[in-house]
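Please read them with the model open.

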Amino acid sequence: MKTELAIVTFMAVSLAFAQEFTLEEIPEVTAEVAAAENDDLAIKVGATVEAKDASALLEEKFDEFRAEKRKTHAQWDWGTPDERGDIYIKAEWSVDLDATQPEFVKTRWFAFEKAYMRALADYITDTYGKFVGKTISSEFGDDSTDAGNIAEKPSATLREKIGMLAEAKIDKALAAEGVPESQYKGKDLVAKKELAHDALTKSMAKRAIHDASGCIPIKTFEAFNDKNYRIGVIIKGGPQCKSLAKCFKMKKRPMLVKSGKSWGEICPSEQDMLQEFGARLYFDETGTPSLISYGQFGTSYTGKNKAMFERFEKQAKHQAIMLADSKISEFISSMMDATDDSPEIGIDMQDAISVYSDDTTSEDSRVAIMDKYRKSFKVTTSMDMSGITTVYGPKMVTHPSGHKVAIVVRRWSFAQVDAIKEMGRLEKEVEKRGAVQPAAKPNQSTDGSGVRSGATYDF
């Protein structure tokens, strides 16, 4: 009887507790509450969709950069010179293959190249437009008609302005551009106008390239949406960059010195290096400007043959080194070589400027022409590679997608240039004293396991 009474009492208490808990934990759902909940849900869903869009994510990062710059320069914007004359350009490009494809890692670097070329194309186009405006203003007078359309259609506008000039002024403009008198003396006015247009276009294009020399990436990004990726880049150009590039080319230490850091202090983590593409300019531990260049390339081999895997891995590392060195070479060599009188460069840039002035030209066409220009540029560019050393890698790093990436960091510094010079001096002294006999190699066992050592060249 006592047991039954205890059970009844326990059930009554449990029921009362359940009723009290239910009343406290489950609020009344009104129409207003339901609407508010749906609004909150819509905001969360919208934010989630936006966050998954790779292009939107890159734009957020670009906006963050702009907001940071505006803390010290309220009117700052992309393509607008700051108080030092520096100009920043942003660009992005999609990785052609998704992360499931074997060639995915390789196309990441190609996407960076395309983004960088797009930024450089925008920089040169903008610079060329300014040169056209300045030339028209100085040569043809401020009262020229259609002056507001210069930046929009530079090449066509220049031709129109030349068409309004008298023959004597055209002769003067040709002479000012260094065109030999024999090329225009005695020719009719139509021929002179065409010659003036071509001469001015080529001259301004070369000046635009010269102004764009020393452009360098200052930040790169890798955004992703599921298995699809985009690479973003911010480049910087201006008088200071151009001056430093000239100093590097001449191997003369610049007057500019700042408080700097060693490579060990700025070295990114292994995973962070996956987002670094191309050359960077920084001030080293001596306060002197130096260059570091990130090269990365992937292997597309997915088989199980160990020998093949090692061969592809070795090739990826070699390619990463070549890419890193090429970016150092481009920054340093462009200062002196971009203004060379090479007909290939002049023709390519004239074609590029003509296409830029056509409103029907697509962005892809512009970048394709820039690609053509840069290929020609690389053929005519050479650089003394002394001063470059490896500070990281080459090492295989696993990308979040699961692919293996060969990463290397190469550094160009005045300290290394000095070390190479000193090495050359010591080598000459050794030659004077006579050749050094090579050290005898120890016997190596082939039984069991162990480590086979190479010769030590430390002395």
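1. The sulfur of Cys215 lies 7.1 Å from the closest cysteine sulfur, that of Cys241, which is too far for a bond. A disulfide here is a pair of cysteine sulfur atoms within 2.5 Å. Cys241 is likewise in no disulfide. The count comes to zero disulfides.

2. The model is predicted: local features need pLDDT of at least 70, side-chain atom pairs count only at pLDDT 80 or more, and totals for chains, interfaces and linings use all residues. Residues are numbered from 1 along each chain as its sequence is written, and side-chain values use heavy atoms, with hydrogens and water left out.

3. Cys215 is buried, at 5% relative accessible area. Buried means under 20% (1.4 Å probe, protein chains only). Cys241 is buried too, at 5%.

4. Cys241 is one of the buried residues of H8; Leu244, Cys247 and Phe248 are among the others. Helices are DSSP runs of H or I, at least four residues; strands are E runs of at least two, and both are numbered from the N terminus.

5. Lys251 follows, with a positive phi near 55°.

6. Four strands form an open antiparallel sheet in the order S4-S5-S7-S6. Pairing requires at least two DSSP bridges. The edge strands are S4 (278–283) and S6 (388–398). S6 and S7 (404–412) pair over eight bridges. Thr390 stands opposite Arg410 in S7.

Notes
Buried means under 20% relative accessible area, exposed over 50%, partly exposed in between (1.4 Å probe, protein chains only).
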